[in-house]
Amino acid sequence: MAMEPPKVYIEDVHRYEGQPVEIRGWLYNKRSSGKIHFLLFRDGTGIIQGVVVKNEVPDEVFDLYDELTLESSVIVRGTVRADKRAPGGYELQVQDLQIVQKAIDYPITKKEHGIGFLLPRRHLWLRSRKQWALMRIRNEIEKAIIDFFDERKFIRIDAPILTPSACEGTTTLFETDYFGEKAYLTQSGQLYMEAAAMAHGKVYCFGPTFRAEKSKTRRHLMEFWMVEPEVAYATLEDIMDLAEDLVVYIVERVLETKQHELEILERDTAPLEKVKKPFPRIYYSEAVNIIEAAGLPFKPGDDFGGDEETVISKSFDKPVMVHHYPAAVKAFYMKRDPKEPDLALCVDMLAPEGYGEIIGGGQREDDLETLRQRIREHGLPEEDYEWYLDLRRYGSVPHAGFGLGLERTVAWIAGIHHVREAIPFPRLLEKIYP
Ligand code: 4AD
Ligand code: MG
């Protein structure tokens, strides 16, 4: 019996030049000159062109061409040949071909489809070239985040998903029944990371978070992933340094390892090359000046919305850190600047090219009575936060942290317009299918 060729992934074919291999995947595209068929196969790791020559294969193999439909699953055997013109630099001289399952009328064709057509077909859309590139960039960013914190000896602590209380205000809570009690899907792991930082010094969580955002913008998802470091004895200044280092690390990693994917997405990488330390750091009041100079209607003292963020972020060619927002528009846990008690020791990082906020964080209120007072002012039920107040009763220290939104970071680095393509299965306003 003839030797079975090795089963290989397309990303590894370069190691098999001149040798027979078996590839298991799907038909991505096809064309023919009559005597030669050109078949594009994909297997999840890449795309390779298979060349089927009439006189080199049995007729029944050659004639399979007519049956081969887009996205049919196929097993192909052939010899690997280097070819500079081929996508990926290699092609397959096909000897044998077997259809595993014939896909009839695959709905996503090479023509442009509208978003209304694609979103309900997300389970298939993920196979498309750009979506493939996006998920691989997302994966690399996730790995970079974990490596960054690991290198700095942070401990990863998983925050709960079901929580008894709000972290980021009560208007965006997803409520659920917990054995007769109210529970909420977590908006942020922060409060739990504060507890963990008192146990481990420097910690982070990385997981899904939920916001019932009633807004339909290119920046908002109902379910998104957030990485949240928290550091004991850290100040606002310290946490800005950390945020800057993290973002530089992520961008460098993607530029280093994901050139191919960035090309597929037609991402101009010149703006990413500029993401180097130091990032500009401006007061909220300076950001307001920028907005007013741009002629945007804005009431000083308000928080920034999407339009304001776009204007601010477009004024810099690097991410910009805006700090010292009015405490009144920020969360209850934020520490105020002792020198300017109306301002919070907080920071938002806005990504350039109009992308806007990717990070929110700052220094936390560490005094028991002040924090209790803030909980009351925000109309939050005090008894739900007793455990959190314990952290100020037993060895309270200054501490700070932030949250970086994964999908907004992916959208910015990949250069896509909307966060919905930065997550495998987006949860959007009133849309939860598939
Ligand atoms: O600014 P936010 O609300 O901050 C917090 O949740 C803090 N508790 C984090 C902390 O200090 N540990 O959210 C942080 C980031 C935002 O900058 C944004 O990138 C992302 O989370 N984010 C969203 N991303 C997609 N869709 C939404 N609806 C988002 N809301 C926030
Ligand atoms: Mg924010």
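User: Hi! Before we look at loops, what counts as a helix or a strand here?

Analyst: Helices (H or I, at least four residues) and strands (E, at least two) are runs taken from DSSP, and their numbers start from the N terminus. This is a predicted model, in which local features need pLDDT of at least 70 and side-chain atom pairs count only at pLDDT 80 or more, while totals for chains, interfaces and linings use all residues. Residues are numbered from 1 along each chain as its sequence is written, and side-chain values use heavy atoms, with hydrogens and water left out.

User: Thanks! Where is Asp-105 found?

Analyst: Asp-105 is not a glycine, yet its phi is positive, about 55°. Most residues other than glycine have a negative phi. Asp-105 sits in the loop between β5 and α2 (115-118).

User: Which residue does Lys-277 join through a cis peptide bond?

Analyst: Most peptide bonds are trans. The bond in question has an omega of about -5°, and its second residue is found in the loop between α8 (270-273) and β12 (281-283). That residue is Pro-278.

User: And what is omega for the peptide bond from Tyr-433 to Pro-434?

Analyst: Pro-434 belongs to the segment after α13 (406-414). Its peptide bond from Tyr-433 is cis, with omega near 0°.

User: How is the chain divided, and what distance separates the domain centres?

Analyst: Domain 1 covers 10-101 and domain 2 covers 119-422, with bounds from an automatic or database domain assignment. Taken over C-alpha atoms, their centres are separated by 45 Å.

User: How much area do the two domains bury between them?

Analyst: Contact (heavy atoms within 4.5 Å) links 8 residues of domain 1 with 4 residues of domain 2. Buried area is the accessible area (1.4 Å probe) that two parts lose on being put together, summed over both. Carbon and sulfur atoms account for 43% of it, and the total is about 480 Å².

User: Which residues form the salt bridge between the domains?

Analyst: Side chains of opposite charge can pair when their charged atoms come close. A salt bridge puts a side-chain nitrogen of Lys or Arg within 4 Å of a carboxyl oxygen of Asp or Glu, and the count between domain 1 and domain 2 is 1. With closest N and O atoms 2.9 Å apart, the partners are Glu-71 and Arg-127.

User: Why is the pair of Phe-206 and Trp-225 given its class?

Analyst: Rings of Phe, Tyr and Trp (its six-membered ring) pair if their centres lie within 6.5 Å; planes under 30 degrees apart are stacked, over 60 edge-to-face and the rest tilted. The structure holds 15 such aromatic pairs. For Phe-206 and Trp-225 the centres are 6.0 Å apart and the planes at 85°, so the pair is edge-to-face.

User: Which residues does Ile-99 contact beyond its neighbours within four places in sequence?

Analyst: Ile-99 has its place in strand β5 (residues 90-101). Its C-alpha atom is separated by 9.8 Å from that of Thr-69, 30 residues apart along the chain. Leaving aside those neighbours, Ile-99 is in contact with Leu-64, Glu-67, Leu-68, Ser-73 and Val-74.

Key
Chains are lettered from A and ligands numbered from 1 in the order in which they are written.
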